[in-house]
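Subject: Structure for your files

Dear colleague,

Here is the structure you are taking over. My notes on what turned up in it follow below.

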Amino acid sequence: YGLVLLATVVRATAARGVTPCAPGQTKRCCGDGMCNGPEDINTCMADCPGVTTHGSCGEEPHSDRGGKGLTFGVSHRAASAQDCCDKCKAHHKGCNSWTFCGYPVCFGLDTGWNHTFGECWLRVLPDPAAPVFGQRGEYSMRYRTKMLRTRKACTSIDTPGGLSPGWVCPPTHVPWTSGSIGVQPDLSLRWQTGGGWGNMRIQQLGPDGVPIESTCTRNNGQSCDPNKLDHGR
């Protein structure tokens, strides 16, 4: 976590018995990659629910893979991430990329449209071992602050995602989970999504939680231009 995001999580979850990971505490805390103890999808989105599919699904929580669309997820539903993966494997047009909404609401980041539990988007990537993403990892504080009033009922940055009534506030992390069939992702890497609508920027985070500028991509794999608004910020 960046320090600002960590401070938000501390304020939002302390009263519920959830302790964010920090220097000196890296186990049994929110951010250790395991959904346990008092953690749930409301109090620790970073860890919960985690990977819930078979290894062949290649699931990476907090990610929205790209590719050529085969289904429109709003009307194409699945009962679980595993079910969505299975639908991809069975698709007659060679699906190799799936994206699933496993939260009550998967926050819409443009006009306030809400995606909801069960949406299953199936796609084809040219190379499933080198996927492109629309969103990945945690949301930057700058981006969440920018999106705070997308829904007027959201009034505080300290009540992200499921800690706000009806999930009206921007969550701390990308609410989608996705996978490339037969490809295992490196879940030890951390990512951050920021930028602006039409220029969604994704960067890998270093060990100190600071974005690595050289890893910046935008809009499903395009290069970032640090001289353009929100490309490199």
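**Overall picture**

Of the chain's contacts with a separation of 6 or more, 62% are between residues 24 or more positions apart. Please keep in mind that this is a predicted model. The chain has 233 residues, and 49% of them count as buried. Its accessible surface is about 10,700 Å², with 57% of that belonging to carbon and sulfur atoms. The secondary structure consists of three helices and 14 strands.

**Disulfides**

There are nine disulfides in the structure. As a reminder, a disulfide is a covalent bond between the sulfur atoms of two cysteines. I describe some of them here.

One of the nine joins C21 to C29, with the sulfur atoms 2.0 Å apart. The torsion about this S-S bond is about 90°, so the C21 and C29 disulfide is right-handed. Both C21 and C29 are buried.

C88 and C95 form another disulfide, also with an S to S distance of 2.0 Å. Here the torsion is about -100°, so the link of C88 and C95 is left-handed. C88 has a relative accessible area of 0% and is therefore buried. C95 is at 9% relative accessibility, so C95 counts as buried too.

C216 and C224 are also joined by a disulfide, their sulfur atoms 2.0 Å apart. The torsion about the S-S bond is -75°, and the link of C216 and C224 is left-handed. C216 and C224 are both buried.

In soluble globular proteins, nonpolar side chains tend to be buried together. In this model, the largest nonpolar core has eleven residues: C57, A78, A81, C84, C85, C88, C95, W98, F100, C120 and L122. Three elements each give at least two residues to this core: helix α2 (81-90), and strands β4 (97-101) and β7 (120-124). Helix α2 gives the largest share, with four residues. Another core lies apart from this one; it has nine residues, including C106, Y139, Y143 and W176.

The two cysteines of the C88 and C95 disulfide both belong to the largest core. What is C95 in contact with, leaving aside its neighbours within four places in sequence? The list is L70, C88, L122, R123, V124 and I181. Of these contacts, C88 and L122 are also members of the largest core. R123 comes up again below, as part of a salt bridge.

**Salt bridges**

The structure holds four salt bridges.

E60 and R65 form a salt bridge through their side chains, at 3.8 Å from N to O. Are these two residues buried or exposed? E60 has a relative accessible area of 5%, under the 20% cut-off, so E60 is buried. R65 is at 3%, so R65 is buried as well. E60 and R65 are also part of a network of salt bridges that includes R136.

D64 and R123 form a salt bridge too, with N to O at 3.6 Å. This pair links distant parts of the chain: D64 lies in strand β2 (residues 63-65) and R123 in strand β7, 59 residues apart. D64 and R123 are both buried.

R77 and E119 meet in a salt bridge at 3.9 Å, N to O. R77 lies in the loop between β3 (68-69) and α2, and E119 in the loop between β6 (115-116) and β7, so the pair ties together parts that are 42 residues apart in sequence.

**Where to look**

Regards

Key:
Residues are numbered from 1 along each chain as its sequence is written. This is a predicted model: local features need pLDDT of at least 70, side-chain atom pairs count only at pLDDT 80 or more; totals for chains, interfaces and linings use all residues. Side-chain values use heavy atoms; hydrogens and water are left out. A disulfide is a pair of cysteine sulfur atoms within 2.5 Å. Buried means under 20% relative accessible area, exposed over 50%, partly exposed in between (1.4 Å probe, protein chains only). Contact means heavy atoms within 4.5 Å. Accessible areas come from the Shrake-Rupley method with a 1.4 Å probe; for residues, only the protein chains shown count as cover. A nonpolar core is a set of buried Ala, Val, Leu, Ile, Met, Phe, Trp, Tyr and Cys residues joined through side-chain atoms within 4.5 Å.
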